[in-house]
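Subject: The structure we talked about

Hi,

Here is the structure I promised to pass on to you. Have a look at it first, and then read on for what I found in it.

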Amino acid sequence: MNAVAKKASWDEAYNFAYLDEQTKRMIRRALLKAVAIPGYQVPFGGREMPLAYGWGTGGMQVTASVIGPSDTLKVIDQGADDTTNAVSIRRFFKRVAGVATTEATEEASVIQTRHRIPEKPLKEGQVLVYQVPQPEPLRKLEPRETETRKMHGYAEYGLMHVRLYEDISRFGHIATTYSYPVMVNGRYVMSPSPIPKFDNPKMENNKAIQLFGAGREKRIYAIPPYTRVKSLDFDDHPFEVQRWPQACALCGARNSYLDEVVLDDKGGRMFVCSDTHFCADRQEKGHRGPMAADPAARAFARSSETSEQKEDDGR
Amino acid sequence: MSALVLSESLGTTVRQPLMRATGVSKSYGDTIGCLDVSFTLHPGEVIGVVGESGSGKSTLLNVLSAQLPPDAGTVEYDLRHRGMSDIFRLSEPDRRRLMRTDWGIVHQNPRDGLRMDVSAGGNVGERLMAIGARHYGEIRAEGLDWLAKVELDASRVDDKPKTFSGGMQQRLQIARNLVTRPRLIFMDEPTGGLDVSVQARLLDLLRGLVRELGIAAIVVTHDLAVVRLLADRLMVMRHGRVVEEGLTDQVLDDPHHPYTQLLVSSVLQV
């Protein structure tokens, strides 16, 4: 601690990790409660952060409360390390906490995420922090907070299945593709934040700690390591994840979540891994997809490789 | 009391009552909602509660259906596994379970009883899913079955209730409540706001369902024609008190209390 204090590597106009110590303590208490009751939404005194609600204020407060000077931070937005939100949040913590940052999933000790869980399986000791816009999975069907709290308290979750029923009756299958409700540890129905349902199975028995922060709604919830997480479904319409007929155009992966990218205005498009680190890592190891040599596709790939450089130039 | 006499005179055995209210009172500050109401309801029996606006009918119904705690008195219900129990002493989850399985509540305004942005099938299936049904095909089949029972077109099963007419919404509400085979339903002005021909059909339907399924009901209305058709027994309320009660035909054909006489004579004879 002393050594850290001596050579403060962060902007000393701020307390370490931006939030004051009392606030971090309060959030840690909420986190402990959340970990003790998997899937239960713990209210906390959310603070104003220097960015707008909806951009990850909840996730940032959780990250600020769990991060230490020796941590390595990775921030992803829609699976990518190089989008505006990810770059800004990473730079923010570099400045106010002086922590090392990385794009490599395996090197990070804290990963703040929006919309994705990294393709590479997480390890024990890693912390995955989700940014959550709407923590209440029942909200769309039951607008009253007093009522949804009772429903959670008494485990009255029939309404959740009404939502899935509506999907099947309209589309013939469960058409919910993101924010797909899960049952945590056999007790609480939880919204997994807007991750694609492709990622839902990764939450089950994950070795990492998963923390969820909702800044606007001021709720924190968590899934401790090795916890049962079941996606809700019907007996005759079981839960299924998305599948693509294509492989990733750049790295050829067939088991990852793919984004469709429009390349030109002549109908050119490709499907690439949404997890940019996963894709780049595979390409480095020599895996090639069908469009790996295409100049337009390469241009897209290059922009993600150089993001760290641009970020440093920006400072 | 009259039910007891009746069942004895018919030579049947005395059955366990389904619900018993004793000295139920509820006031809002100085304003009296209902005062010292007592009655016994037997399985399969339909009790009508009539009276003009402000006579405490709806307050009484809200207390009986556990939506409003009374100031004094008890409401006991014959729970399937525990026998007669005071519904206000049940734990909240137990009471909520009772309300969505063994009871049904048909609101005057279907908007209060339906989820307007969930399809008709989803509305009917909600109670089934709430008690653990997890097979889509079965839930849907049951939903279609109930739509047919309340004379709604099966092709409307995926339409939202907001596209339904008032009468259809009311019938959907009934289907949604009956799907778990409740033993008691509460109805607050079930025909309110419907035109006369639709009222007649709804009443016909209700009478059929109540008789066929042997459901007990407490029907609150200001419409004497509704109770004449539906109710076995009648309670006439005024200023929060029950001023007269008895068999429906007896009360309506030979009213004793001056207020009941006024009420009966005010009905327009066509």
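Let's begin with chain B, which has 11 helices and 10 strands. Please keep in mind that this is a predicted model. The radius of gyration of chain B is 19 Å, close to the 18 Å that the globule rule gives for 270 residues, so chain B is as compact as a globular protein of that length.

In an unreviewed entry, UniProt places the feature "domain: ABC transporter" at residues 19-264 of chain B. That span is 40% helix and 26% strand, and its end C-alpha atoms lie 28 Å apart.

Now for the partner. Chain A contains 10 helices and 12 strands. For 315 residues, a compact globule would have a radius of gyration near 20 Å, and the 20 Å of chain A agrees with that. The C-alpha trace of chain A spans about 55 × 55 × 35 Å along its principal axes.

So how do the two chains meet? The size of an interface is often given as the accessible area lost when the parts come together. Here, chain A and chain B bury about 1,900 Å² between them, and 56% of this is on carbon and sulfur atoms. Chain A gives 20 residues to the contact, and chain B gives 20 residues.

How many salt bridges are found across the interface of chain A and chain B? There are 5. In one salt bridge, the side chains of A:Lys150 and B:Glu92 meet at 2.9 Å, N to O. Across the same interface of chain A and chain B, 14 residue pairs are in polar contact.

On the side of chain A that touches chain B, the elements giving two or more residues are helix H5 (145-153) and helix H6 (158-171) of chain A. The largest share, 8 residues, comes from H6(A). By class, this side of chain A has 8 nonpolar, 4 polar and 8 charged residues.

Happy exploring!

Methods
Residues are numbered from 1 along each chain as its sequence is written. Chains are lettered from A and ligands numbered from 1 in the order in which they are written. This is a predicted model: local features need pLDDT of at least 70, side-chain atom pairs count only at pLDDT 80 or more; totals for chains, interfaces and linings use all residues. Side-chain values use heavy atoms; hydrogens and water are left out. Contact means heavy atoms within 4.5 Å. Buried area is the accessible area (1.4 Å probe) that two parts lose on being put together, summed over both. A salt bridge is a side-chain nitrogen of Lys or Arg within 4 Å of a carboxyl oxygen of Asp or Glu. A polar contact is a pair of N or O atoms within 3.5 Å; within protein, one must be able to donate a hydrogen and the other to accept it, and residues adjacent in sequence count only if both atoms are side-chain atoms. Helices (H or I, at least four residues) and strands (E, at least two) are DSSP runs, numbered from the N terminus. Ala, Val, Leu, Ile, Met, Phe, Trp, Tyr, Cys and Pro count as nonpolar, Asp, Glu, Lys and Arg as charged, and the others, Gly among them, as polar. UniProt positions are given in the numbering used here, feature names are shortened, and annotations may be inferred rather than shown by experiment. The radius of gyration is taken over C-alpha atoms; the globule rule is 2.2 Å times the number of residues to the power 0.38.
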